Protein chains: 2
Amino acid sequence: MSSIEPSKSQYAQIADLLRSRIADGTYVKGSALPSEPELAAELRVSRVTINKAVGLLRATGLVKVKRGLGTYVATLSKIDRHASERFAVRDRGAGAGDVEIRSLGLQPRTDYGYVGPIGAPSAVAEALGIMAGTQTLLRSRALFADDEPTQLADSYYLWDMAKDSVLVQPDVGAGGSYARLADLGAAPVRFTEAVTVRMPDAAEQRKLDLDSGQPVFEIIHVAYDAADRPVSVTVHVMSGHLWTLHYAWADRVSPS
Amino acid sequence: MSSIEPSKSQYAQIADLLRSRIADGTYVKGSALPSEPELAAELRVSRVTINKAVGLLRATGLVKVKRGLGTYVATLSKIDRHASERFAVRDRGAGAGDVEIRSLGLQPRTDYGYVGPIGAPSAVAEALGIMAGTQTLLRSRALFADDEPTQLADSYYLWDMAKDSVLVQPDVGAGGSYARLADLGAAPVRFTEAVTVRMPDAAEQRKLDLDSGQPVFEIIHVAYDAADRPVSVTVHVMSGHLWTLHYAWADRVSPS
């Protein structure tokens, strides 16, 4: 620990050390961290200091507490989500949600929750250009990578458009729901996303297996068809520490 | 309080009530909230419950503790940041950072920090296609709206490109730094952003006047010129509760 910065608190320095041991594989992903007494003895600091250092790693999702079992090195690293590329895969029969996960060599999984009619929440109704409470089709899912939850996604469709289609069933087949909208003559061609960050509510924290103090991204994703009609809205609630969101665009003014 | 949901904890219900009082103007922006004993007496709950309810509002930035003075209703609401529009204003002589603030009727202000040569941090160097530690020009600023800090922005430029230009001075004139890059024959025409969320470090928390438990957005913004050279990188650290990030794009596959 010769490279310690004198201005850093002791627990921040210990956190740096533990971080480097995770990065270099001294502590293997998915394995248990040494116990706090063991670390305190090895590093000759108090258990309080070790506990605060481990707290820093927990907040960033590098380690995870399994209740009654101890503290484990997290198995998932950051997942890159390229907004403008992920929906372009449906012409190859892939779903947008699987792309990022498979590119990391991980196994995607979708757990379907409620799929059926529901009154549109106000933010969704506003995006769809309908009155709040108007009946829509909700498709609610939890998405996983190697059995770790990564995000919750609630997609809303105009009821009259979706009600007689396969969209009312959980599994909608190759290409995902946007391919099915294309079958219905409402292929999405343009998208908007509004990104905020907040602390999760209790249900989200449980479903996403988040440590306390870990924020979530909330993305409101709207798809428009060639007639510029909003044809679906998805509310993504994503574990903040797991994702990097990538966007790209060209300028709208000509270079001078 | 007749519309209280039975499944919600008491303090979450109190938080909802306080939230609605802020929304309807019962509690005016910038004014002090009633004290916790006053609220406890009025609402006939314990001070602990009031304290937890106010804690929820603090985490979302709706109220702010001024040390020694009490709890105040925050003056700033969410600021909409439209990525693809904000840089298009420079042909009208405006800077990207001012647009969102003025559209809310607020007064933008920039405090310049260090402006001068610095070795590129690794993430910046990677984006600029240079070796980490290579000398770049850093322009470090803190941005405000009506004297409230909203974000920290550190922009990096290739040293050889920028060193003899006005970019080495804090104020670069009308149109901002991208107009100056255009003057240098390196007008940005394409942009990428990588968005993550994390807890702030102690210095960021102080500079952004964040309550404990409030996360920040970190955006790495890269500008490319017409020759597809990366010509600047800006690292934005933004108060998470203050911003909604908006992105828009058209699909890359033809609609079927």
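Domain 1 and domain 2 of chain A bury about 480 Å² between them, with carbon and sulfur atoms giving 32% of that area (accessible area, 1.4 Å probe, lost by the two parts on being put together and summed over both). Of the area that domain 1 of chain A buries against domain 2 of chain A, R58(A), A59(A) and K64(A) supply 76%, more than any other three residues. This is a predicted model, in which local features need pLDDT of at least 70 and side-chain atom pairs count only at pLDDT 80 or more, while totals for chains, interfaces and linings use all residues. Residues are numbered from 1 along each chain as its sequence is written, and side-chain values use heavy atoms, without hydrogens and water.

**Domain arrangement**
- Chain A is assigned domain 1 (10-73) and domain 2 (79-246), with bounds from an automatic or database domain assignment.
- The centres of domain 1 and domain 2 of chain A, taken over C-alpha atoms, are 35 Å apart.

**Domain interface**
- Six residues of domain 1 of chain A contact five residues of domain 2 of chain A (heavy atoms within 4.5 Å).
- Three salt bridges cross the interface of domain 1 and domain 2 of chain A (side-chain nitrogen of Lys or Arg within 4 Å of a carboxyl oxygen of Asp or Glu).
- K64(A) pairs with E148(A) in a salt bridge whose closest N and O atoms are 2.8 Å apart.

**Charges over rings**
- In chain B, the charged end of R190(B) sits over the ring of Y224(B), 4.0 Å from its centre.

Methods: Chains lettered and ligands numbered in written order. Lys NZ or Arg CZ within 6 Å of the ring centre and 35° of its normal.
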